Structure formats: C-alpha cells, structure tokens
Amino acid sequence: MMSDKVMEKAEFNEAELLLPWYATGKLSDQEMRIVDEYLADHPEAADRLESVREEQHLTIEGNEAIRAPGASALKRLMDDIAAEGDARTQSAGLFERIGAYLTALSPQAMGVAAAACVALLVVQAGVIGTMVGGDRSGSFETATGGSAALLGPVAIVAFQDTATVTDISNLLGETNAQIVRGPVNGGTYEIAFPKDTDLDAMIANLLERKEVVKLALRSGS
Amino acid sequence: MSDQGDRELIARIAKKDATAVQALFTSHQTRIFRFVMRLVRNEAVAEELCNEVFLEVWRKAGTYKGQSAVSTWLLSIARNKAISQLRKRSESELDEEQAAAVPDDQDTPDVEYAKQNKAELMRRCIDQLSPAHKEIIDLVYYQEKAVNEVAEILDIPPATVKTRMFYARKQLTESFRAAGIERGWP
C-alpha cells in the first residue's frame, strides 16, 4: 500500500494526475511523453498504472451491468418529435438508413474493434428499428417494441465477435426476426420469429450462417 | 464512434431530418442512459431524461457550435437535466462539494463477501462513491473523456478535473481498504 505521504506527494505530480487519461489514451502527444518519461524514471509507478487499469475495468463492468434503455424508448422519442410537427417526412425506412449510417462507420472508418463496439451498442439497445409495414407516415416500431401477439417462437442466439451491425441487421431482416431480449448470459440474445416459423428449421438455417451466428438454440431447451 | 459522422447527423437534425436523430439516438442512447442512471438511480427517471436529451438535440441542433465532440455535448445536456431532476427531487440545491464529501450510504461492503467476490465488492465500492466522485470516474473510465471534455461537461477548470479525479481515486482506495481490500495506490 502506498503511504499517505507518497499519495500527497503524488497530488502535486502532473504525471501521476494524468495516469487515468494515460490509461484511456486521452492525452495529447506531449502529455503522453511526460507520462512515458515518468514511468521510465519511476518503475514503481507501473503498479499505480495497473491500479488505474483495474479501476477502469471495474467501472466499465459496473456500467455495462446497467441494462440498456427500454426498447420503447426510440418509439417514444419519435412520437414526441412527431408531436413537434416540424419533422421532414422521410421516404426510406429507418432500418435502411441506420444500416447505411453504421455501414459508413464500419471497418474502414472505425476499425474492426470499433465496429464491433457499435454493433454491441445497437444490439444491446435493442433498437434495430423497422418502419412498420412500409408505412411512410412516420409510424415507428422498434425491434423489441412490436406487439408480443405478433411474435412467434424464440431462439437464443449468440453472434460472432466479428459480425458487424450490418451483418446482424441483414440477418434479422432476412428472417423477419426481432431481438426481444439481450444481451444476457455472456452475450446471448433472445430472437423472436413470426408465429408460423418452423423453429428447428430456422435454427438450422441460422447455424449455417457461421460468419454471423456463433450459437443458436431453442429458447428453454 | 466517429465524431465526424455524429457532426453530420447533427447538421441533418438541424434541418429537421428525423432519421438523423434516430441514428444519433441509436448510437448514443445506451451510454447516455447509463450516465444518467448512475446519477439519478431510477430507471424510469433515467429513461425520461434520456428522451429529453434527444428532444433537446432535436430542438437545438442548430445551436451546436462544433467546438466539442457531439458525445461531449450530449453528456453535458444529460448532466444538466439530471442535476435539475435531482434538485427537484431533493427540493434543495445540490451542493456538489458537499455531495463530494459524503459517500453514498447504501449497502455497507461486507468483508467476508469481499474475500469471495473481490471484483464484485470493488464495483460496489465504486458505486458507493459520492455522486461527484462517481460521476468523474464514469466520465473518465467509461465515457473515456479527455480532461478538457470532462471540464466542459462538469463546467469546472481542467486543473480541477485532475484533482477531483485524484481525490475520487484516493477515496476509492480508502473504500477498498475499509472493505479489507489491499492493493497499491490508490
């Protein structure tokens, strides 16, 4: 344990103060050099940097333990915006537009890891939206906001780490599926299909999509 | 997240393109919701405030000057709304310095539990930091904001950001110690 005296001394040390931002990569080049030189001159500071990284890891875990907002959130926002009466009418479906936007951000622009992060955010939020039945009036339904009565059998699905949000969006669109819950249990999602879906055949179909789907199981099995 | 892409969305929102706000919402709602949730500790209130954030973006996108990242602007709006909500809730002005000095008094960490679940206990220690300390920890570690960005969101000088983060970490070390968790500084 670092003594209080050393802690107080650290209070006046710019490099020590900057350690959290050094760990998150949010320093200027000059500040990075200051901390790099400090770490080189003070090997014992490596332990403190390790503590910072541990705190960061715990903080991220703590935040990610908070569930994503309810799926009805986007519908509500769009209803509120529609009530403002100044929105331009759009001719294309949201699904296409969000897909296009996220595609524009994917690997070339953001790197594979960042794209995966976007996919996680979007899917966690459960808001891969679709315009309802091609209605162009602005009526809106989120992936998880549809009527439960319209939903049929449910599968538990895990996506490949390398799957982009476009891959996932396309798969959900092709199979008329909706994410109804997730991620749970280490990154799995509950996916609902239309009522008349042969779930076993659908699961077999999903498992053939190895580039996107890592795991597909009958829910409750 | 691409800030350039976000800026393009804001420009479209300023022209009242509803699909742009949908895309912005999809990209940022989870982080904004979690940030607000950690402040107000109530899911329904957090969802309401998150909705208000994006409604405000819809209304005021034209006033966005582009001097900070869009995500920073969103967090600033979110924080202001959360603080207003907390003020309403307590019916008294939130004294940040006082809040910083008073750790959250929810569950007391259990030492025996810590031995079995150190990481879980450490997360609980973070949760029990004062609101001001937890807020800065979240902004730096989870939202990954730079010093100047945190300064803008909290409306405090950059030097204060560094010292507040230092004292948040120091408080965290003391909480760990009280919970029987020994480690290096902090």
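The expected span of a helix is taken here as 1.5 Å times one less than its number of residues, and helices (H or I, at least four residues) and strands (E, at least two) are DSSP runs numbered from the N terminus. By that standard, helix α10 of chain B, which covers residues 158-178 and has 21 residues, reaches 30 Å from its first C-alpha to its last, close to the 30 Å expected. The model is a predicted one, in which local features need pLDDT of at least 70 and side-chain atom pairs count only at pLDDT 80 or more, while totals for chains, interfaces and linings use all residues. Residues are numbered from 1 along each chain as its sequence is written, and chains are lettered from A and ligands numbered from 1 in the order in which they are written.

Chain B has 10 helices and zero strands, and buried residues make up 49% of its 186 residues, a residue being buried if 20 or more other C-beta atoms, placed from the backbone, lie within 10 Å of its own, exposed if 12 or fewer, and partly exposed in between. In α10(B) the buried residues include Val161(B), Met165(B), Phe166(B), Leu172(B) and Phe176(B), and also Lys162(B), Arg164(B) and Arg169(B). Just after this helix, Gly180(B) takes a positive phi of about 85 degrees. Among contacts in chain B (C-beta atoms placed from the backbone and within 7 Å) between residues at least 6 apart in sequence, 64% join residues at least 24 apart.

Leu55(B), in helix α3 (residues 43-60) of chain B, is partly exposed, because 18 other C-beta atoms lie within 10 Å. The C-alpha atoms of Leu55(B) and Val21(B), 34 residues apart along the chain, are separated by 9.0 Å, and, not counting residues up to four places away in sequence, Leu55(B) touches Leu77(A) and Asp80(A).

Helix α4 (residues 45-64) of chain A and helix α8 (residues 131-142) of chain B pack with their axes 9 Å apart at an angle of about 100 degrees, where axes are lines fitted to C-alpha atoms, for helices over the stretch in contact, and angles run from 0 to 180 degrees between N-to-C directions. The two helices are therefore roughly perpendicular to each other, the term covering angles of 65 to 115 degrees. Glu55(A), Gln56(A), Thr59(A), Ile60(A) and Asn63(A) make the contact from α4(A), and Ile137(B), Asp138(B), Tyr141(B) and Tyr142(B) from α8(B).

Chain A averages a pLDDT (the predictor's confidence in each residue, from 0 to 100) of 71, and 61% of the residues score at least 70.

Note on methods: Angles under 35 degrees count as roughly parallel, over 145 as roughly antiparallel, 65 to 115 as roughly perpendicular and the rest as oblique. Two residues are in contact if their C-beta atoms, placed from the backbone, lie within 7 Å.
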